[in-house]
Amino acid sequence: MKQEEVNFEKQNQFTLTMIPGSFARKMRTCVIWQFIRFIAINIKMLIVVSKSH
Amino acid sequence: MARLIVMGGGVSGHTAATFAKKWLGNEHEVVVVTPNSQWNWIPSNIWVGVGQMTKEDVVFPLAPVYEKAGIDFRQAKAVSIHPHGNKESDKEYITIEYTGQGKEGQTETIEYDYLINATGPKLNFDATPGLGNGKGQMGNNTVSVCTADHAIHANLELQQIFEKAKKGERQKILVGTGHGMCTCQGAAFEYIFNIEHEAKKAGVRDMIDIKWISNESFLGDFGMGGLHMKVGGYVVSSKLFAESLFSERNVPWIIGAHVSKVEEGKAHYELLDGTTGVEEFDFAMLIPPFAGVGFKAYDKEGEDMTDVIFAPNGFMKVDAKYDAGAYENWKASDWPRTYQNPTFKNMFACGIAFAPPHLISKPASSVNGTPINPTPPRTGMPSGIIGKAVAHSVCDMIKNGAENAHLHEASMAEMGAACVASAGKGLTTGTAAAMTVYPVVPDFEKYPGTGRDTDYTFGEIGLAGHWIKHILHHMFIYKAKLKPGWTLVPE
């Protein structure tokens, strides 16, 4: 069974949700990709901050 | 010379006091009254609660900072407000009771020209039998991460749970809200996933059952009625993302729950459908409901006039629409803009201390009539922005006269918020949900559909979010210490 499918069996609550696959999980802690996201998220946050002051 | 008193030295009060002093200079006086000797960056308490930070990492002493800024610091709790003065004098004043500075227990009066109430909340543990000790403090059945000292205690208890799990004893952990009217689900959300992350690191995750319990009617409500984000070409609810994260981390949930009683190892709860249940635990962190700190207000004759200034929940009345009525009638314009008290124009409230007009989430109650809904969050970025706006208004009133001054506005229905919720700490292994909402309070007239601008409302989980949370930790402590360039750091 694939890693992302393991938890579907554990609780009835989990069966109707979406669980990320291995690629999505790896990207969450992939330093290069996350550095790019770091820049993107900061830009988005700065826009929201500037609109809020 | 005018005197401004700021009651409270947390995120909102500290922001208001420091900006007011910067703008007023030495011509006018700024006094801060707070019972705490230390400033606490509360969002990082969850890391103290899992042993990843020490208390010293999240607090610093206020006295030297205020001395450097020229702010008169009184380590005391404000007890009562006398907006008409007393029989001898018309001058408005507050009474305080010292909690430090070598004057513990002594009372004093301080006259004011302007008053900012930024006391934050009373942690109302006693609202749930067994959650408190009956004397207004946390009881022995659960732990809390609301203060740095609570978080230290929580970590000591948590490490014992990990030790038992290492010895092969199966453990049950329960995290969430300890009452049907709680707010701050975000802190509990961060704590449960940090526990889960640390349990994995300690190699005991398989021996620990971790469960969530909260008063939200759906996962991902967060007291804001949830939020919708654009992801992969879809506009989707935070419910999907929250449920996904809980499922991925093997954390089942009980939602729509009012915890009615806590005993040693047991939490009794009532659900929206009226059914009741008991959840057993070896370790539980349940956020208490918030209330106003319990000020009294008196008129010139000494008669109680608390209800003129404060709402029944103890929070200060401001320029909000408190008679909006049923949910169907709620509008973004119900929310306060200037945070000025409608009766006393020299009195303002900011941060958690102001009384919101109503909930943000859709109200709900069980079939037995028990209200079970999150109350509105007013912490973090909005709290700082409101504190700064209120300080700006007071400074303009002092400099230009109360009649001519421009009151600055900071409606939560017109401002956004950036929120980073940690889901585990680690330079290369940590993750956090980085989110923004715009506006905080949905405006269904301006944004029919989701109530918010989906171009500026987003969220994603990853290492980048963790880096941002860690940077914000250092940035906001730097700012609060008034180090060079502190005004450049946004709230």
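**Chains, interface, core and sheets**

Author: Let us begin with the order of elements: read along the sequence, chain A follows the pattern α-α-α. In total, chain A has three helices and zero strands. Please keep in mind that this is a predicted model.

Reader: What does the corresponding comparison give for chain B?

Author: Chain B has 491 residues, for which a compact globule would have a radius of gyration near 23 Å; the value for chain B is 22 Å, which agrees. The C-alpha trace of chain B spans about 70 × 55 × 45 Å along its principal axes, and the chain contains ten helices and 24 strands. Of the 491 residues in chain B, 54% are buried. As for the contacts in chain B with a separation of 6 or more, 66% of them join residues 24 or more positions apart.

Reader: How many residues of chain A and of chain B are in contact with each other?

Author: An interface may be read by counting the residues on each side: here 25 residues of chain A are in contact with 28 residues of chain B. On the side of chain A, helix α3 (residues 31–52) of chain A supplies the largest share, 13 residues. By class, that side of chain A has eleven nonpolar, nine polar and five charged residues.

Reader: Which residues have the most contacts inside the largest nonpolar core?

Author: A core is read as a connected set of buried nonpolar residues. The largest one here has 155 residues, and Ile116(B), Cys350(B) and Val394(B) have the most contacts inside it. Helix α9(B) gives the most to this core, with ten residues.

Reader: Is Glu409(B) buried or exposed, or does it fall in between?

Author: The reading rests on a neighbour count, in which 20 or more C-beta atoms within 10 Å make a residue buried and 12 or fewer make it exposed. Glu409(B) has 16 C-beta neighbours inside 10 Å, so it counts as partly exposed. Glu409(B) lies in the loop between α9 (380–400) and β22 (417–422) of chain B. Apart from neighbours within four places in sequence, Glu409(B) is in contact with Arg337(B), Thr338(B) and Ala389(B). The C-alpha atoms of Glu409(B) and Arg337(B) are separated by 4.8 Å, although the two residues are 72 residues apart along the chain.

Reader: How does one read a sheet, and what is the order of the strands in the sheet that contains β16 of chain B?

Author: Strands of a sheet pair through backbone hydrogen bonds, either parallel or antiparallel. In this case the order is β15-β16-β17 (chain B), an open sheet of three strands with antiparallel pairing. The edges are β15 (257–263) and β17 (276–280) of chain B; each has a single partner strand, so one side of each is left without a neighbour in the sheet. From one strand to the next the twist averages 25°.

Reader: Which residues stand opposite one another in that sheet?

Author: β15(B) and β16(B) pair over six bridges in the antiparallel sense, and Ala257(B) stands opposite Leu271(B) in β16(B). Strand β16 (residues 266–271) of chain B pairs with β17(B) over five bridges, again antiparallel. Here Glu270(B) stands opposite Thr276(B), and Ala267(B) stands opposite Glu279(B).

Reader: Where do residues with a positive phi occur in the hairpins?

Author: The hairpin of β15(B) and β16(B) has two residues between the strands, and Gly265(B) takes a positive phi near 80° there. The hairpin of β16(B) and β17(B) has four residues between the strands, and in it Gly274(B) takes a positive phi near 90°.

Notes
Residues are numbered from 1 along each chain as its sequence is written. Chains are lettered from A and ligands numbered from 1 in the order in which they are written. This is a predicted model: local features need pLDDT of at least 70, side-chain atom pairs count only at pLDDT 80 or more; totals for chains, interfaces and linings use all residues. Two residues are in contact if their C-beta atoms, placed from the backbone, lie within 7 Å. A nonpolar core is a set of buried Ala, Val, Leu, Ile, Met, Phe, Trp, Tyr and Cys residues joined through C-beta atoms within 7 Å. Ala, Val, Leu, Ile, Met, Phe, Trp, Tyr, Cys and Pro count as nonpolar, Asp, Glu, Lys and Arg as charged, and the others, Gly among them, as polar. The radius of gyration is taken over C-alpha atoms; the globule rule is 2.2 Å times the number of residues to the power 0.38. Two strands pair if DSSP finds at least two bridges between them. Axes are lines fitted to C-alpha atoms, for helices over the stretch in contact, and angles run from 0 to 180 degrees between N-to-C directions.
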